[in-house]
Every structure is written in structure tokens, then in C-alpha cells.
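Please look over the sequence and the model below. A short report on the fold comes after them.

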Amino acid sequence: MSKLTTSGMLVAGTSDFIKADFSGTLFPMKTNLIVLEHYENELAEYITTRVLSDAHPADNFLPQQRVHATKPRGHLRRTVKLDPVAEYFMYDIVYRNRAIFRSQVSFERRSFGYNFKDGGHVPVHTAYTEYKLSLTELAAKHSHRLQFDIASYFNTLYHHDISHWFAGRTTVTEADSAAIGKFFREINAGRSVDFLPHGIYPAKMIGNEFLKFVDLSGVLKSAAISRFMDDFNLFDDDPSVLRQDFFRIQQLLGQFGLNVNPSKTHFDKSVDSVEDTLSAIHESLIEIIEGVELVEGASGVDLVEIEEEVVSELTKDQVTSLLALLRDDSLEEADADLILAFLRLHSDDILEHLPTLLRKFPNLVKHLYSLCATITDKAALASILLDYLKTESYFVEYQLFWLACLVEDHLLGAGCYGQVLLRLYELSQDFRIARAKVLEIPEQGFGLKELRSEYLKSGQSDWLSWASAAGTRTLKKAERNYALDYFSKCSPLNFIVAESVKRV
């Protein structure tokens, strides 16, 4: 049994690593967890003896399914959803080589997050809190600050650069060096850029550690540098030193085809925090449960929950004031995010605002998923979701995916949830992973069993068929196994998924 350490969950192996990170990923598919929990030994053997073996040229990593998650202000984050084989490999190779992911270079060249400490991977919110404290400390010490980030960092990285960097670590074996190069080539169908998956911890570890070449550069003269992934902050009393280092860093990044984002480059910018907008409310609060930090980096904006002891709850007047703010047409996404965090203990009061929040802030759908866990009137929630899905004209995949997660985890058996599932299935025609999420939900009514049967009989080997197999897990054993026997004959990955589901 895993236990908590000062750095988070104790990770005793690849399986624990995957489970600890699962809920924080962009598109968590339970199909992958089923394979992990019931077929891990055979999965690891298949990767070693078949996929990575030159003696079996027919077994390879498959090209991965392209998906788009949301970012603030209507932007999309392009990435891939890894299948059970590819996902296990990536977590495993990074976990086994975790010693190469180091802490910061020095006190003057600081970097935060995405490594292991005290037997567990460092939680994002822990690292980000330390990063913010470092910015406050360094700003007090130095007169000037220059901040910038890398444009589309993960999507711009070149796979040969990452493969060569990984192979150059002294403790990495030749076998692992060859394996990760093969993995990067094949999951992206040979394309050399836009290959590194977003939103999963091992990819963030790679992206963060790779940039240590900047931290280690001897040509930089700034008194201090603080970095969180690809977000850089340079500090010095002499502005000319900052400008010179800014040029030097751009030249260093240019060696790997990386560019600085001009729109996010600021010199001595005074950044107004979201908290300032709600300062009057802050003064009346002692502590709030599950406050939220906005973490911006190569993986986009992550909603990081920080559990704290509740000393006092919001008063009725405070709740009323916060709800009034949600009605403001000028409300920004970051403000809405923070307000929702404060209202976590008053989620039933959010119901009437859900349609507006869903329509106006699609990037907050994962936060709304968490918030809906504590709503007591599940039938009303299902009705609101159905009406929203019927009246809106356009959705992005990330929205549909997390609404399907919401139904599975918080609404099964409540009100019109079956109609919500069918509507999600209809709307996800052009979004393969969102539709797969609906299919893997183990609801056998409303025609879903028949829909899965069509995919299982088609002979295809993709997310729609794998998820359909996972969705059969609550059928009676004989009926389930009969459907999976024929499905399993179509490909090695079909066989892996089928055997895993049979063991549930």
C-alpha cells in the first residue's frame, strides 16, 4: 500500500507512478488502468520481447491518436493520447532512469518541479509554490526582472535532440537509449517534431530537465535565474545584464530550433494577481479548502488543488457576493476559476450558473467536473447538462471528454443520465477519444451495449474498439468473454486489452 511522503505519494514502481499521475492527466482513459492493474507483467514482457526486439518487425509502437485540450482564451493545446502499450513504456523508462532528473543547478540558477524526491514524484503544486516564493524573494533582492517563455515548447522540440540528450546521460543503458528513440519515432509516425505528449508527468520531467542546458551555461551573467519548465525569470540590478542574457539565451535556444514567445516577454512588469480582485473577500477568510493555483507552462494551465484545513466557512453574504461575480459579463477566466475554488463547499449554489460557465469557459470543464462531485441534486445536474448539450452548437473534444467523465463518476443512475450519454456519443462523431470515453463507461443500457458490439465485431484496432472492450467489463462473464474472444484475434493490442478485461 502506498503512503504519503513529504513529496507526495510514494512511488514504488511504474504502476504506482501511473496511478499517482492518472487523475492529473489531460485525457485519463480507464482502459489503460484496467490493462495496468490486470496485465502489467505480460504488458512489460510484450514491450521487451516483441516491440523492442529486432526479431519481431511486425510489433512496434503504434502512431498515437491526436487530441486537442483547451487553453485559456479559446486556444487549443495539440497533443496525443497514448495507448496502453505506449503509455506504460513512457512512464516505465522515465521511472527506471529517474536518477538523471536532478534538482536545481545552484541557488543562483534555480529550476522547480518534475522530478523525484523522498521516494515520490514532486507534486506540481508543491513545486509551483516554491517557484512563486523564489520570485518574491528574488524580486525583493534585485532591482530588475525580465520574464519570458518558449513559444509552443513541447510542440517544437525535435525528437533527435531529446533522444541524443537522453542517450548522453551516463547512467542510461544503450538498450534504453535505442528504445526511447524508437518510441519517439513510431508514436508520431516518423514526424520529427510535435511528438512529446503533453500533460503526463514523465513528459514534463523530460521537458524540464532538457532545459537545464540553459541553467548550466557559463555565458549568462544575471545575478539569479528562476525557471518553472519553460517559464524563465532573470534578476539583476543592472538592466543591461538582463538584456545581454536575454540575447544569449535566445541564441542557446536557437541551437535546438526553439524561440521565445514575444507576447509573453516582459521587463519589470507589475503583474496584477487574480487575488487582488477579491482582496476584500480574502480578508474575511482564514483558510479555504482546496484553493487553486494557476500553473502555466509547456503542458498548459493545470488546476492544482491544495488541500488545507477548514477553519471557517464562507458566510452567506460572501457566497452571495461570489455568485454575483459569476454573473458579471466582464468576468475573466482566471477570476471564475478562483471563485469556483472558493465555492467548493457551496457547489449546489453553482447549479444555476453551470450553463454560463460551461459555455463561456470551456477551459474550466475539468474544474467543473471536480466541483460537480459535491452537488447533491444529481437529477437537476443531469437535466442541466442535457439541455446544454442540446442547445449549444459547437464543442471541443476536451469538453465532451470531461463531461463524459463527469457522467461516469458523478451521475450514473441519476435522472436523465442515459440521454446525456447518448447525446455525448452523438456529438463526439469527429472526436475519437471523447467517443472512446463514452464507450468505455460500463453502462449496458440505452443501446450502448449494442454500439460497442459493432466496434468489437469490425476487426479494427483503435481507441474505439479498445474502449468498447473495456466497457463490457460489467457484463456477465460468459457474454463478455464471447464478445472479447473474436475481438482479441485482430491485433496484439486487442489481445492485451481483451485479456485484461477478462480478468476484471
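The report covers the model, its sheet and hairpin, its aromatic pairs and a few single residues.

## Model and confidence

This is a predicted model, in which local features need pLDDT of at least 70, side-chain atom pairs count only at pLDDT 80 or more, and totals for chains, interfaces and linings use all residues. Residues are numbered from 1 along each chain as its sequence is written, and side-chain values use heavy atoms, with hydrogens and water left out.

The mean pLDDT of the chain (the predictor's confidence in each residue, from 0 to 100) is 87. A score of at least 70 is reached by 89% of the residues. Over residues 271-301 the pLDDT is below 50. Even so, this stretch has 86 contacts (heavy atoms within 4.5 Å) in the model beyond near neighbours in sequence. Residues 303-312 also stay under 50, with 32 contacts beyond four places in sequence.

## Overall make-up

The chain holds 24 helices and 13 strands. These are DSSP runs, numbered from the N terminus: helices are H or I of at least four residues, strands E of at least two. The chain has 504 residues, of which 56% count as buried. Buried means under 20% relative accessible area, exposed over 50%, and partly exposed in between, with a 1.4 Å probe and protein chains only. Among contacts between residues at least 6 apart in sequence, 73% join residues at least 24 apart.

## The five-stranded sheet

An open sheet of five strands runs in the order S5-S9-S10-S8-S11, with mixed pairing. Two strands pair if DSSP finds at least two bridges between them. S5 (109-112) and S11 (266-267) are the edge strands; each has a single partner strand, so one side of each lacks a neighbour in the sheet. S5 and S9 (residues 224-228) run parallel and are joined by four bridges. Phe112 has Phe228 in S9 as its bridge partner. Helix H4 (residues 124-141) packs on the sheet and touches S5, S8 (144-149), S9 and S10 (231-236). The direction of H4 makes about 155° with that of S9. Such angles run from 0 to 180 degrees between N-to-C directions; axes are lines fitted to C-alpha atoms, for helices over the stretch in contact.

Both faces of S5 are covered. Arg109 and Ser111 are buried on one side, Arg110 and Phe112 on the other. Arg109 stands opposite Ile225 in S9.

## The S3-S4 hairpin

S3 (residues 65-70) and S4 (residues 76-81) pair antiparallel over six bridges. His68 has Arg78 in S4 as its bridge partner. Five residues lie between the two strands of this hairpin, and Arg73 takes a positive phi near 60°.

## Aromatic pairs and charges over rings

Rings of Phe, Tyr and Trp (its six-membered ring) pair if their centres lie within 6.5 Å; planes under 30 degrees apart count as stacked, over 60 as edge-to-face and the rest as tilted. The count by this rule is 34 aromatic pairs. One of them joins Phe89 and Phe183: ring centres 4.9 Å apart, planes at 40°, so the pair is tilted. Phe89 is in helix H3 (residues 84-96) and Phe183 in helix H7 (residues 174-187), 94 residues apart. Phe89 is buried at 3% relative accessibility, and Phe183 is buried at 1%. Tyr114 and Tyr201 have ring centres 5.5 Å apart and planes at 70°, so this pair is edge-to-face. Tyr114 sits in the loop between S5 and S6 (116-117), Tyr201 in helix H8 (residues 201-210), 87 residues apart. Both tyrosines, Tyr114 and Tyr201, are buried.

One aromatic cluster includes Phe112, Tyr114, Tyr201 and Phe228. Tyr95 is also among its members. The charged end of Arg98 sits over the ring of Tyr95, 4.0 Å from its centre. Arg110 lies over the face of Phe107, 3.8 Å from the ring centre. A charge sits over a ring if NZ of Lys or CZ of Arg is within 6 Å of the ring centre and within 35 degrees of the ring normal.

## Two buried residues

Where is Lys182 found, and what does Lys182 contact? Lys182 is in helix H7 and counts as buried at 14% relative accessibility. Leaving aside neighbours within four places in sequence, Lys182 is in contact with Val51, Leu52, Asp59, Asn60 and Phe61.

Tyr153 lies in helix H5 (residues 153-156). At 2% relative accessibility, Tyr153 is buried. Tyr153 and Gly207 are 54 residues apart in sequence and 8.4 Å apart in space, C-alpha to C-alpha.
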